[in-house]
Amino acid sequence: MPRCFRPIPYVASICVLLLAAACGGDDGGTSSEGGGAGGSVGGSSGMPTTGSGAGATTGTGAGGAGGGGGAATSDCSDLPLCDGFEGAAPDGPPDTATWSVVSPNCSGTGTVTIDGAQAHSGARSLRVNGGGGYCDHVFIASTSAIAALGPAVYGRFFVRFEEALGDSHVTFLTMKDANDNDRDLRMGGQSKILMWNRESDDATLPSLSPAGIAQSLMPTPDTWLCVEFFVDQPSASLQTWVDGAAIAALQVDDTPTPDVDQQWHNQPNWSPSLTDLKLGWESYGGQTNTLWIDDVALANHRIGCN
Ligand SMILES: [Ca+2]
């Protein structure tokens, strides 16, 4: 069941959309596209390609599925998930051995197709035509790789937004959490910044206060971002890097930090057990966008941007 925040100035009132209402379309949230993106993102590279996955107890799973080939900038072929979308034909779906295309509950105008005109690596990427209604949502979904990884999951993907993130709430990555009644752990945007959102109680990371917003970043349009995350069930922690730099606003640790993860600790038994990875677009306040995704990988160690 969708939930969302209305972008009322940093006292985000929770609105719980009845599915029928959501599918009916507009819930009236503002969808103004923000002006110029503020925080430019620095250059990439220079990051370690291995890390000590705290608490990682399982090895890599089944061999790499997915496209492979092409002039990938990242050699991730030995990882349980590694896809640069080079092996699928333009204008069609991504490799069906790795991904399914899903629109949970209801579907609308959103589409995902392989794009031969835009790429981070090689010649192709996944293009997401993101619609503005909840039911216009669409994702590519992978379940086997994340299930093989166990309780500590590192992810990496590149994303390019055609337009800046607006004020209303959107999601471009979701992962189902079996320990949270199968509700989603979602990465997206609100108040023009990158943020995480927990579907079950609408907690945001960071808190959408001015101080919280200032510690995240506004993605620069028409620019590839390298996004990395680490979701660790044993320590109930979450980390995020963009272009190799840790983003202070996007970290959950065991200490509630005002403006950052204090709200996240409202659910003290949060213990994420992820069962899928979905990438695409879901919008709760009318915001549309076109985005491209490339070089998606999951591992039991930090993957890096190179
Ligand atoms: Ca590619």
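Predicted model: local features only at pLDDT ≥ 70, side-chain atom pairs only at ≥ 80, totals over all residues.
A nonpolar core, as I use the term today, is a set of buried Ala, Val, Leu, Ile, Met, Phe, Trp, Tyr and Cys residues joined through C-beta atoms within 7 Å. Keep that in mind; I will come back to it.

Let me begin with the whole protein. It has 306 residues, and 51% of them are buried. The secondary structure consists of 17 strands and three helices. If we take the contacts with a separation of 6 or more, 70% of them involve residues 24 or more positions apart.

In what order do the strands of the open sheet of seven run? The order is E4-E7-E16-E9-E10-E11-E12, and the pairing is antiparallel. At the edges are strand E4, residues 100–102, and strand E12, residues 203–205, each of which pairs on one side only. On average, neighbouring strands in this sheet are turned by 25 degrees against each other, with direction ignored.

Within that order, look at E10 and E11. Strand E10 covers residues 183–190 and strand E11 covers residues 193–198; the two run antiparallel and are joined by six bridges. To find your place in E11, go to Asn-197, which stands opposite Arg-186.

Back to the core. The largest nonpolar core has 72 residues, and those touching the most other members are Leu-279, Ile-293, Ala-297 and Leu-298. What does Leu-279 touch, leaving aside residues up to four places away in sequence? Its contacts are Phe-139, Ile-140, Phe-157, Phe-172, Leu-173, Ile-293 and Val-296.

Notes
Residues numbered from 1 in each chain as written. Helix = DSSP H or I, 4+ residues; strand = E, 2+ residues; numbered from the N terminus. Buried ≥ 20, exposed ≤ 12 C-beta atoms within 10 Å, placed from the backbone. Contact = placed C-beta atoms within 7 Å. Pairing = 2+ DSSP bridges. Axes fitted to C-alpha atoms, helices over the stretch in contact; angles between N-to-C directions.
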